[in-house]
Amino acid sequence: LNYHMLLKNISLQNFRSFAKSSFSFSSGTTVIVGPNAIGKTNLLESVYLLSMGKSFKTGLEEEMVRNKQEIARVKGGVDIGDKRGDLLEVILTRGVFGGEKVGRKKLTVNKIAKRLIDYQGNLRVVLFGPWDMGLITDAPSSRRRFLDNVLSQADREYRRSLLSYE
């Protein structure tokens, strides 16, 4: 199991407040700074979406599609260890594209469609936000949920067992 993963870049198209934007990241620490309402949290949500195939803010995919648009795309290049990694992509729709009914979400790794269970783990992230302060003070069940989320990314068999258990 290789723990050295690096998100090299991310491209956003019609994702939340971004019409079309690209960001590159260095191998060191990245700090995202800017005034209120510029899209910092939206960028973090796009990284989480690229990793987990879902949002940490909403359960509805269409809420992530920019207003008045039919489709949103989030693409990211990931390096794994010493080798060139994968191209991850999440395509989101409102359920209709070009007048035809389509799926609301498509997950791909190197342009090959994947199920959510097979998609997760290609980019491992840990999100710790202000709402997670309860991990220290709340019931043990909140800590278990947090750890289940982290372990599910690192171990596919753990993820399968957890889904079966739930």
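What follows is a short exchange about the terms applied to this predicted model.

Modeller: Residues are numbered from 1 along each chain as its sequence is written. In this predicted model local features need pLDDT of at least 70 and side-chain atom pairs count only at pLDDT 80 or more, while totals for chains, interfaces and linings use all residues, and side-chain values use heavy atoms, with hydrogens and water left out.

Colleague: What is the mean pLDDT of the protein?

Modeller: The mean pLDDT, the predictor's confidence in each residue from 0 to 100, is 90, and 96% of the residues reach 70 or more.

Colleague: Why are α4 and α5 called oblique to each other?

Modeller: Helix α4 (residues 140-154) and helix α5 (residues 156-165) pack at an angle of about 130 degrees, with their axes 5 Å apart. Angles under 35 degrees count as roughly parallel, over 145 as roughly antiparallel, 65 to 115 as roughly perpendicular and the rest as oblique, and α4 and α5 are therefore oblique.

Colleague: Which residues make the contact between α4 and α5?

Modeller: With contact meaning heavy atoms within 4.5 Å, Asp148, Leu151, Ser152, Gln153 and Ala154 in α4 meet Arg156, Tyr158, Arg159 and Leu162 in α5. These residues divide into four nonpolar, two polar and three charged.

Key: Axes are lines fitted to C-alpha atoms, for helices over the stretch in contact, and angles run from 0 to 180 degrees between N-to-C directions. Helices (H or I, at least four residues) and strands (E, at least two) are DSSP runs, numbered from the N terminus. Ala, Val, Leu, Ile, Met, Phe, Trp, Tyr, Cys and Pro count as nonpolar, Asp, Glu, Lys and Arg as charged, and the others, Gly among them, as polar.
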